[in-house]
Number of protein chains: 2
Amino acid sequence: MSRLIAEIFADTGRARLIGVTGSPGAGKSTFVSRLALEYRKTGSRVGIIAVDPSSPYSGGAILGDRIRMSELYTDPDVFIRSMATRGALGGLSPATIDAADILDAAGYDPIVIETVGVGQDEVDIVRAADSIGVIVVPGLGDEIQAIKAGILEIADVFVVNKADREGADRTVAELSMNLDFSQTPGPWRPPIVKTVATRGEGIAAAREALDLHRDHLEATGAGRQRRLSRARARLRALLQARFFRAIEADSSSEERLEEAVQKVAERRIDPYAAAAELFSRFERA
Amino acid sequence: MSRLIAEIFADTGRARLIGVTGSPGAGKSTFVSRLALEYRKTGSRVGIIAVDPSSPYSGGAILGDRIRMSELYTDPDVFIRSMATRGALGGLSPATIDAADILDAAGYDPIVIETVGVGQDEVDIVRAADSIGVIVVPGLGDEIQAIKAGILEIADVFVVNKADREGADRTVAELSMNLDFSQTPGPWRPPIVKTVATRGEGIAAAREALDLHRDHLEATGAGRQRRLSRARARLRALLQARFFRAIEADSSSEERLEEAVQKVAERRIDPYAAAAELFSRFERA
């Protein structure tokens with residue numbers, strides 16, 4: 001993959017990355033499909049990267065509601081890529097951002113990255129985007145709690161989907177109140193848009209809100225800051241992968257690691273001392 | 001923290017770690033409170049570590065339904081610690097497992113680690129446990145999908161909570177079917193227990209299932225394997241933290257990292273080449 005990225009990298013950096021996240025069952029895939037259709041109206045070629053939670057053991061991804069996107073599959077100007085997070089190392093998944101680069105170089109713009117859930121990995125992926133849409137559904141008090149803690153602060157646009165359900169206005173009010181009491185009010189106040197994605201309602205407004213945010217990024221220095229933090233997260237993830245590869249590639253350092261693992265498991269050395277010793281040997285190697 | 005862990009480490013390794021996870025709103029905290037009361041009946045001193053999803057910006061944790069545990073707060077033989085994941089680096093959070101060691105050395109056993117959500121970080125934390133309880137609630141089709149992908153395979157015991165709701169038996173049947181079709185059937189088939197945690201129903205059965213799993217760990221080599229992977233995850237997390245600290249502590253390597261970040265953001269060097277260069281300089285330093 002690294003050779004391909006090296007070849008195309010100069011042709012990247014043109015596409016907007018739009019991240020979309022929210023809890024399971026919030027209707028993310030349906031919303032993303034509708035949003036893609038909305039952008040298609042202006043002739044844009046749209047890339048979609050759907051990141052499934054990976055199974056920690058089998059590494060497999062499920063398709064789930066991906067099939068709802070079938071109307072887009074036949075459009076040659078829409079490219080959909082489904083991938084697992086493979087979060088073994090944590091942090092930004094290199095494969096996901098590589099896929100975005102490839103679509104970018106191929107002329108897809110915008111590229112929508114859809115991630116499931118509220119975990120750190122998902123947050124890291126979606127934070128790599130230029131604009132972040134967080135999808136919420138009405139009437140899930142506990143969910144709002146979780147969202148508050150995890151993804152409220154990363155939203156550039158809130159989408160209250162399934163807005164034909166009871167409690168939609170209350171959810172809007174709750175989100176708005178949370179914004180009022182935000183500890184870190186910035187120059188951008190995330191708009192809150194109501195949608196019924198299954199019927200295509202509110203999608204144009206959601207698109208407008210996302211485009212307003214793009215204008216904000218361009219008018220202020222915020223866009224450049226996003227690109228810098230994306231590059232930083234990417235470099236850190238690649239450095240981390242190199243570090244563990246370097247340990248595992250050398251059979252004597254791999255062996256030392258396994259010896260230390262056994263000693264720690266048997267409580268013969270404490271983990272901090274073991275890590276310090278392993279690291280100093282690695283530095284000297 | 002490292003000095004404290006070094007001092008107490010020889011006194012650790014006696015407590016069972018029980019991980020409890022599930023989606024927001026599944027009733028995890030209520031279940032954990034009831035389970036703690038159940039273990040208290042036999043005179044055990046119980047530790048509870050509640051890991052909230054951390055906000056990527058403020059690093060803050062919310063309390064949320066933690067307050068439901070108030071009945072336990074007055075019991076001197078129950079120690080409750082609430083903490084954020086601080087998953088900036090991904091992987092097993094050193095602070096969480098350090099807290100478990102401290103409770104372990106202080107004689108708390110079992111120690112219940114409660115995590116929210118289905119993200120990789122949460123999965124990493126809960127995987128560090130000896131026995132893992134996954135809480136599911138009836139009637140959430142999409143949720144089951146997400147759980148299937150993320151945490152079905154790590155469950156040692158399934159708890160169908162809020163089992164007085166419609167669809168509880170169907171959820172049990174679905175979970176059971178998923179187990180039948182599991183790609184990696186092992187010697188342990190996770191029991192499925194129905195509970196109504198708010199009323200304390202089924203808690204004794206859940207405890208029995210967890211204790212059966214402990215017996216299984218002891219009778220087979222599985223317990224030792226768990227301890228080894230816990231030590232491995234812990235060492236990797238500490239090594240990773242040391243690696244980034246080493247980069248950031250040296251002003252010239254920190255500067256080189258920031259230079260590379262800018263070049264990557266401006267598409268003047270591709271990230272793989274930049275990471276390779278940074279890493280080779282680090283190795284030589």
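Me: Which residues of H7(A) are buried?
Reply: This is a predicted model. A residue counts as buried if 20 or more other C-beta atoms lie within 10 Å of its own. In H7(A), the buried residues are A:Ala168, A:Thr171 and A:Leu175.

Me: Within what arc do the buried residues of H7(A) fall, seen down the helix axis?
Reply: A:Ala168, A:Thr171 and A:Leu175 are buried. They line one face of H7(A), because their arc is 60°.

Me: Which strands do the buried residues of H7(A) pack against?
Reply: A:Ala168, A:Thr171 and A:Leu175 are the buried residues. Their packing partners in chain A are E5 (131-136), E6 (157-160) and E7 (192-194).

Me: How far apart are the end C-alpha atoms of H7(A)?
Reply: H7(A) covers residues 168-180, which makes 13 residues.

Me: In what sense do E5(A) and E6(A) pair?
Reply: A:Gly133 stands opposite A:Val157 in E6(A). The two strands share 4 bridges, and their sense is parallel.

Me: What is the bridge partner of A:Phe158 in E7(A)?
Reply: E6(A) and E7(A) run parallel, joined by 3 bridges. A:Phe158 is buried on one side of E6(A), together with A:Val160. The partner of A:Phe158 in E7(A) is A:Ile192.

Me: How many of the 13 residues of H2(B) are buried?
Reply: H2(B) spans residues 28-40. Its buried residues include B:Phe31, B:Val32, B:Leu35 and B:Tyr39. H2(B) is largely enclosed by the rest of the structure, because the buried count is 10.

Me: Which residue of E5(B) stands opposite B:Thr21?
Reply: B:Thr21 points the same way from E1(B) as B:Leu17 and B:Gly19, and these residues are buried. E1(B) and E5(B) pair in the parallel sense over 5 bridges. In E5(B), the residue opposite B:Thr21 is B:Val134.

Me: How are H8(A) and H9(A) oriented relative to each other?
Reply: H8(A) and H9(A) pack with their axes 5 Å apart, at an angle of about 90°. The contact involves A:His216, A:Leu217 and A:Glu218 of H8(A), with A:Ala222, A:Gly223 and A:Arg226 of H9(A). Angles of 65 to 115 degrees count as roughly perpendicular. The orientation of H8(A) to H9(A) is therefore roughly perpendicular.

Me: Where is A:Pro110 placed in chain A?
Reply: The peptide bond from A:Asp109 to A:Pro110 is cis, with omega near 5°. A:Pro110 sits in the loop between helix H4 (94-105) and strand E4 (111-116).

Me: Is B:Lys162 buried or exposed?
Reply: B:Lys162 lies in the loop between strand E6 (157-160) and helix H7 (168-180) of chain B. Its phi is positive, about 55°, although B:Lys162 is not a glycine. It has 23 other C-beta atoms within 10 Å, so B:Lys162 is buried.

Me: What does A:Arg267 count as, with 16 C-beta neighbours inside 10 Å?
Reply: A:Arg267 lies in the loop between helix H10 (251-265) and helix H11 (271-284) of chain A. Its phi is positive, near 65°. Buried needs 20 or more neighbours, exposed 12 or fewer. With 16, A:Arg267 counts as partly exposed.

Methods
Residues numbered from 1 in each chain as written. Chains lettered and ligands numbered in written order. Predicted model: local features only at pLDDT ≥ 70, side-chain atom pairs only at ≥ 80, totals over all residues. Expected span 1.5 Å × (residues − 1). Arc of directions from axis to C-beta. Contact = placed C-beta atoms within 7 Å. Pairing = 2+ DSSP bridges. Axes fitted to C-alpha atoms, helices over the stretch in contact; angles between N-to-C directions. Parallel < 35°, antiparallel > 145°, perpendicular 65-115°, else oblique.
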